[in-house]
Amino acid sequence: MSIQNNSKFEFVVNLLNHLFHKKNITIFLGKSGITLFAMKKNEVQDSIFIEYGAEKYHQKYRKFLSGYKGYYVMFLLDHKECELEHEMLPVLSSLIKINPVDKFIAEKYKPEDIVAYNVYEVNNQNGEVLNTCIATTTFAPPLSDLLEYLIKKSFKYSGMYFFSLELGIIIDRILQTTGNSGYLEHLQIFSIITQTSNIRIIVKYKNNIMSEKTIEFPYDKSDMYLVGTMQQAISDKLLFYKQYIKTLDKQPCIIFLVDNTLKQLIKELKFENCQTLALSADDLNLKPHHSSNRFQDSVLIELFNK
């Protein structure tokens with residue numbers, strides 16, 4: 001009996017090691033370009049950013065991938081064709097239980113579309129209603145080119161995820177890791193700077209990604225200008241959701257994930273009746289793997305993988 005149990009235990013350990021500690025490539029498809037991350041045990045070992053339309057665009061990602069044969073490959077989607085919609089879908093009484101979200105997707109979207117969703121709330125006030133975030137994109141370049149190449153070269157496919165739907169878990173993990181779990185039930189405004197997707201401003205309440213905004217990164221401007229740009233975008237969001245925040249009767253939590261230089265500047269910002277958290281990779285026990293620490297792409301990807 002003990003031998004059998006040990007055998008089962010070893011099988012489970014090996015399976016978990018295979019699933020969660022395997023070598024993988026995470027391909028982040030963003031607004032400005034793609035970044036490929038070679039990862040081992042959830043840590044970035046190597047990466048390359050390629051701007052859309054760059055000279056030898058296809059050759060660059062193919063050369064990078066050729067060095068990591070046998071790796072599993074997953075996608076994180078945040079390119080311009082990605083859309084996020086909110087739908088309130090009633091659960092109709094029936095002898096045959098049909099998932100209303102699956103039914104809605106089958107009726108609205110084409111079979112070749114890539115669709116994922118998150119039911120962030122079930123409302124039972126006037127019959128059961130599923131409040132749902134639905135993320136979609138068409139199967140077209142740049143995604144289709146990459147996936148077709150990976151299949152041709154026999155890479156192991158590991159999954160496809162939407163950045164907007166993964167943000168809820170990522171933000172919660174940041175709050176928990178930094179000892180700020182008390183703000184999990186508050187409205188959160190999250191800001192991060194990435195080379196792949198520029199400046200992203202996300203508004204979240206519990207499991208609902210309420211809105212997202214992209215701001216072009218000002219390469220030719222000062223740090224103060226950059227911080228002022230983020231401050232203005234967040235102030236606009238606070239104004240837009242002013243009444244909603246009032247009904248929640250909880251202090252909004254503003255989270256910046258930036259480098260240490262910007263972290264010090266952001267600490268000087270004042271948002272009325274808000275808790276502001278200026279965090280860097282150090283606060284998350286992570287190390288940026290990038291030519292410029294200004295961008296938090298590798299930090300984001302490690303959080304996503306974990």
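User: Is Tyr 241 buried or exposed?
Analyst: Tyr 241 counts as buried, because its relative accessibility is 10%, and buried here means under 20% relative accessible area, with exposed being over 50% and partly exposed in between (1.4 Å probe, protein chains only). Please keep in mind that this is a predicted model, in which local features need pLDDT of at least 70 and side-chain atom pairs count only at pLDDT 80 or more, while totals for chains, interfaces and linings use all residues. Residues are numbered from 1 along each chain as its sequence is written, and side-chain values use heavy atoms, with hydrogens and water left out.

User: And Phe 240, buried or exposed?
Analyst: Phe 240 is exposed, with a relative accessible area of 64%.

User: How many aromatic pairs are there overall?
Analyst: The structure holds 14 aromatic pairs, where rings of Phe, Tyr and Trp (its six-membered ring) pair if their centres lie within 6.5 Å, and planes under 30 degrees apart count as stacked, over 60 as edge-to-face and the rest as tilted. The rings of Phe 240 and Tyr 241 have centres 4.9 Å apart and planes at 80 degrees, so this pair is edge-to-face.

User: What about Phe 64 and Tyr 68?
Analyst: That pair is tilted, because the ring centres of Phe 64 and Tyr 68 are 5.2 Å apart and the planes stand at 40 degrees; both Phe 64 and Tyr 68 are buried.

User: Which tyrosines do ring pairs link into a cluster?
Analyst: Tyr 52, Tyr 57, Tyr 61 and Tyr 149 are linked in this way. Leaving aside neighbours within four places in sequence, Tyr 61 is in contact (heavy atoms within 4.5 Å) with Ile 34, Leu 36, Ile 50, Asp 145, Leu 146 and Tyr 149.

User: Switching topic, how many residues does the largest nonpolar core have?
Analyst: It has 60 residues, and those with the most contacts inside it include Tyr 61, Phe 75 and Ile 174; such a core is a set of buried Ala, Val, Leu, Ile, Met, Phe, Trp, Tyr and Cys residues joined through side-chain atoms within 4.5 Å. Helix 5 (residues 163-177) gives the most to this core, with seven residues, helices being DSSP runs of H or I with at least four residues, numbered from the N terminus.

User: Where is Leu 175?
Analyst: Leu 175 lies in helix 5 and is buried, with a relative accessible area of 0%. Leu 175 and Cys 253 are 78 residues apart in sequence and 10.0 Å apart in space, C-alpha to C-alpha.

Key
Helix = DSSP H or I, 4+ residues; strand = E, 2+ residues; numbered from the N terminus.
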